[in-house]
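Please read it alongside the sequence and the structure shown here.

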Amino acid sequence: MIAKNDEAKRSKIWRFVMAGSTILIIVGAILLLTKLFTTNPLEGDWADEDGSFNMSVMKNGSIVFSIPEAEEASGVDVDMKYTLNKEEKTITIMADEAGFQEVADRSDGQYTEEEIRQALSSVITTFDYSVDQEQLTLTEREYGEQLVLIKE
């Protein structure tokens, strides 16, 4: 056994082990609490249940909506900004009007500015959000319409 019959050495070793494990538990708890309260619960890639768009939420307040390909045309990505209020559990998605024209120009005539605006008109507002495992539910605050997205 450790330190054979020397009770003083065993006592010292026991105190060292207890102090080390206590410090480890406290550091682990602090890391978990920090992650719980500082991370963005919406961060990641989400796909609309209806397949009308994909959404990538990033840390820096930007969000990218991907409109999937229509017929043989390739898809298009639209950058927007968002603000998140974790206390009220709301997300506000804001349109970049100049960005719509820029995306339409990059699409080589496949999409017009109006088509892009129309495709994303349902997401340019403030939503209450709810995350349940791999499902995100966005509820429009004014009319109560819901968008359901699945984590990719």
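Which residues line the largest pocket? In this predicted model, the lining of the largest pocket is formed by Lys35, Leu36, Phe37, Thr39, Pro41, Lys86 and Tyr129.

**The largest pocket**

- The volume of the largest pocket comes to about 180 Å³.
- Helix H1, which covers residues 7-38, gives the most to the lining of this pocket, contributing three residues.
- Sorted by class, the lining of the largest pocket consists of four nonpolar residues, one polar residue and two charged residues.

**The packing of helices H2 and H3**

- Helix H2, spanning residues 97-106, packs with helix H3, spanning residues 113-120, at an angle of about 120°, and the axes of the two helices are 8 Å apart.
- On the H2 side, the contact is made by Glu97, Phe100, Gln101, Val103 and Ala104, while H3 contributes Glu113, Ile116, Arg117 and Leu120.
- In terms of residue class, the contact of H2 with H3 brings together five nonpolar residues, one polar residue and three charged residues.

Methods:
Residues are numbered from 1 along each chain as its sequence is written. This is a predicted model: local features need pLDDT of at least 70, side-chain atom pairs count only at pLDDT 80 or more; totals for chains, interfaces and linings use all residues. Side-chain values use heavy atoms; hydrogens and water are left out. Axes are lines fitted to C-alpha atoms, for helices over the stretch in contact, and angles run from 0 to 180 degrees between N-to-C directions. Helices (H or I, at least four residues) and strands (E, at least two) are DSSP runs, numbered from the N terminus. Contact means heavy atoms within 4.5 Å. Ala, Val, Leu, Ile, Met, Phe, Trp, Tyr, Cys and Pro count as nonpolar, Asp, Glu, Lys and Arg as charged, and the others, Gly among them, as polar. On a 1 Å grid over the protein atoms alone, a cavity is a set of points where a 1.4 Å probe fits but cannot get out, and a pocket is an open set with protein on both sides within 12 Å along at least five of seven lines; lining residues have an atom within 4 Å of a point. Grid points are joined across faces, edges and corners, and a volume is the space filled by probe spheres set on the points.
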